[in-house]
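Keep the sequence and the model open as you go.

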Amino acid sequence: MVKFINNELIYSVISHHISHFLNVKKIAKHDYESHMIVLTVYMHFLFQTMSKGKSLDWAETFAKTESDGHKQLMKDRKLTIFAVADNLSMPQETVRRKLKKLCSRKLLDYSKSGGLSLGKKFKETIEPLGKADGKDIFALFDKFEEVER
């Protein structure tokens, strides 16, 4: 645990949050609430792979999002609009409206029988954002390690 956090470290944390917000707008080209919906579906997908005992690296994870097995994996433990709205403390109608746009952009898929899943354009849109965000997060970790020394 970090015992002393100076203003430079606080500045870096805030800078990371702002950078992530701007990258979502620039790279993913959607609003932040929509991004949280996408991340909730992605988190559900990751949880499903982990619960099946599969440990995947970065490339394998994104490759799996494009596989035929991904849809079945998501359908086995269906994610509903209600669950996303509840998880994000957002009105169901807001989630439904934003989901419609995300589905039209093919970032997500939705059916009543299968629930929510990742769309055909998920990887090409989110992977570059993840790379940019990952670089920023590792730089932030380095700053925290410097404080602990």
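**Exercise 1.** In this predicted model, are Phe 62 and Phe 122 buried or exposed? Then classify their ring pair.

*Solution.* Start with burial. Phe 62 is buried, and Phe 122 is buried too. Next, take the geometry. The ring centres of Phe 62 and Phe 122 are 6.1 Å apart, and the planes meet at 25 degrees, so the pair is stacked. Now place the residues. Phe 62 sits in helix H3 (residues 58-65) and Phe 122 in helix H7 (residues 122-148), so the pair ties together parts 60 residues apart in sequence. Finally, look at the neighbours. Ring pairs join Phe 62 and Phe 122 with Tyr 42 and Phe 45 in a cluster.

**Exercise 2.** Classify the ring pair of Phe 138 and Phe 141, and assign an exposure class to Phe 138 and to Phe 141.

*Solution.* The ring centres are 6.1 Å apart. The planes of Phe 138 and Phe 141 stand at 65 degrees; over 60 counts as edge-to-face, so that is the class of this pair. Both residues lie in helix H7, three residues apart, about one turn of the helix. Phe 138 has 57% relative accessibility and counts as exposed. Phe 141, at 47%, is partly exposed.

**Exercise 3.** Which residues form the nonpolar surface patch, and which helix gives the most to the patch?

*Solution.* List the members: Ile 10, Ile 14, Ile 18, Phe 21, Leu 22 and Tyr 32. Together they have about 530 Å² of accessible area. Helix H1 (residues 7-28) gives the most, with five residues. Check one of them: Leu 22 lies in helix H1. At 46% relative accessibility, Leu 22 is partly exposed.

Notes
Residues numbered from 1 in each chain as written. Predicted model: local features only at pLDDT ≥ 70, side-chain atom pairs only at ≥ 80, totals over all residues. Heavy atoms only, no water. Phe/Tyr/Trp six-rings, centres within 6.5 Å; stacked < 30°, edge-to-face > 60°. Helix = DSSP H or I, 4+ residues; strand = E, 2+ residues; numbered from the N terminus. Buried < 20%, exposed > 50% of the residue type's maximum accessible area, 1.4 Å probe, protein only. Patch = residues over 30% accessible without salt bridge, like charges linked within 9 Å, V, L, I, M, F, W, Y side chains within 5 Å. Areas by Shrake-Rupley, 256 points an atom, 1.4 Å probe, with all protein chains shown as cover. Salt bridge = Lys/Arg side-chain N within 4 Å of Asp/Glu carboxyl O.
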